[in-house]
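Subject: Structure handover

Hello,

Here is the structure I promised to pass on. Please open it alongside these notes.

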Amino acid sequence: MKLVLQGFSGKMGKVVYKYLKENGYTFVGLFDEKHKIQEKKIAKCDAIIDFSTMESAKNMFNLAIKYHKPIIIGVTGFTSEDLEMFDKKALEAKMSVYVIYNFLISIQRLKEFIDALSDNYETIYVEDIHNVTKKDAPSGTTNFLIDKIEKNKLEVSSIRTNYFTYEHKIRLFNEFESLEITHKCYNKLGYAKGVEIALTRLNTFVGLKRSI
């Protein structure tokens with residue numbers, strides 16, 4: 001499979017590029033702030049991966065529509081209007097687009113678990129712990145995990161530290177019981193594996209998908 005990767009020099013871009021290249025994928029275009037997009041390379045690819053910024057990812061999405069290339073976007077912070085736009089344009093073009101805030105398969109399944117249980121609990125506390133370089137707070141993963149939970153049930157906090165850590169704690173309470181879940185990630189290759197799984201599922205659906 002021939003790929004285009006935007007944001008290849010960023011933290012996640014580097015990990016995804018190395019992992020996919022070592023596993024037999026070919027890159028026909030690598031773009032970032034210093035290496036501007038070349039549309040002729042997009043025209044030659046089978047799929048696009050984007051780990052850049054919201055604005056850059058929106059521009060790349062429009063090029064994906066133009067050249068009818070399925071795209072995987074791993075950028076956080078999009079509004080509901082942005083997501084509706086992605087879905088509408090992808091449906092009109094009859095192509096597939098992923099917008100995923102966390103590519104770890106465990107997080108994808110944890111989301112389903114929390115959604116299924118949330119009605120049984122009166123209070124849900126979510127805490128995310130990351131390095132101080134993490135720009136968004138709460139994290140995109142936290143927002144993904146709680147997006148279907150009633151706001152009056154939620155208590156959310158973000159902690160930023162000086163050491164590398166990737167941790168999410170979820171505590172669910174009612175008058176009879178409590179449930180606590182802690183998720184920790186030790187290696188970003190887990191994300192790259194999730195990107196690879198998403199690649200294998202492109203063109204099996206039409207429109208926008210938020211989970212693998």
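**Helix 3 and its surroundings**

In helix 3, the buried residues are A57, K58, M60, F61, L63 and A64. Please keep in mind that this is a predicted model. Helix 3 has 14 residues. From first C-alpha to last it reaches 20 Å, close to the 20 Å expected at 1.5 Å a residue.

Is K58 buried or exposed? K58 has a relative accessible area of 18%. The cut-off for buried is under 20%, so K58 counts as buried. Beyond residues up to four places away in sequence, K58 touches F78, D82 and F86.

Just after helix 3, H68 takes a positive phi of about 55°. H68 is not a glycine. Most residues other than glycine have a negative phi. H68 sits in the loop between helix 3 and strand 4 (71–73). Its relative accessible area is 43%, so H68 is partly exposed.

A93 comes next, in helix 4 (residues 80–93). A93 is buried, at 18% relative accessible area. Which residues does A93 touch, not counting those up to four places away in sequence? They are I65 and H68. A93 and H68 are 25 residues apart along the chain, and their C-alpha atoms are separated by 7.2 Å.

**Helix 1**

Helix 1 (residues 11–22) has 12 residues. Its span from first C-alpha to last is 17 Å, close to the 16 Å expected at 1.5 Å a residue. The buried residues of helix 1 are M12, G13, V16, Y19 and L20. Seen down the helix axis, these buried residues fall within an arc of 145°, so they line one face of helix 1. An α-helix has 3.6 residues a turn, so residues three or four places apart point the same way.

What do the buried residues of helix 1 pack against? Their partners are strand 1 (2–6), strand 2 (26–31), strand 3 (47–50) and helix 7. On the other side of helix 1, K11, K14 and E22 are exposed. Just after helix 1, G24 takes a positive phi of about 95°.

**The nonpolar core**

The largest nonpolar core has 65 residues. Which of them touch the most other members? They are L20, I49, I73, F78, F103, I170 and L199. Helix 7 (residues 189–201) gives the most to this core, with six residues. In soluble globular proteins, nonpolar side chains tend to be buried together.

Two names on that list tie back to earlier notes. L20 is one of the buried residues of helix 1. F78 is one of the residues that K58 touches.

I49 is worth a look in the viewer. Leaving aside neighbours within four places in sequence, I49 is in contact with L3, V4, L5, Q6, V16, L20, I72, V195 and L199. V16 and L20 are buried residues of helix 1.

**The largest pocket**

How big is the volume of the largest pocket? The volume is about 1,300 Å³. The pocket is lined by 41 residues, and the closest to its centre are K11, M12, F51, S52 and K134. The elements that give two or more residues to the lining are helix 1, helix 3 (54–67), strand 6 (123–131) and helix 6 (140–146). Of the residues named here, M12 is buried, whereas K11 is exposed.

**Backbone points to check**

Most peptide bonds are trans. A cis peptide bond joins A137 and P138, with omega about -5°. P138 is in the loop between strand 6 and helix 6.

N203 has a positive phi of about 70° although it is not a glycine. Where is N203? N203 lies in the loop between helix 7 and strand 10 (207–209). Its relative accessibility is 59%, so N203 counts as exposed.

K209 lies in strand 10. At 32% relative accessibility, K209 counts as partly exposed. K209 and S96 are 113 residues apart in sequence, and 7.9 Å apart in space, C-alpha to C-alpha. Not counting residues up to four places away in sequence, K209 touches V97, Y98 and V99.

Best regards

Key
Residues numbered from 1 in each chain as written. Predicted model: local features only at pLDDT ≥ 70, side-chain atom pairs only at ≥ 80, totals over all residues. Heavy atoms only, no water. Core = buried A, V, L, I, M, F, W, Y, C linked by side-chain atoms within 4.5 Å. Buried < 20%, exposed > 50% of the residue type's maximum accessible area, 1.4 Å probe, protein only. Helix = DSSP H or I, 4+ residues; strand = E, 2+ residues; numbered from the N terminus. Contact = heavy atoms within 4.5 Å. Expected span 1.5 Å × (residues − 1). Arc of directions from axis to C-beta. 1 Å grid on protein atoms, 1.4 Å probe; cavity = no way out; pocket = protein on both sides within 12 Å on 5 of 7 lines; lining within 4 Å. Points joined across faces, edges and corners; volume = space filled by probe spheres on them.
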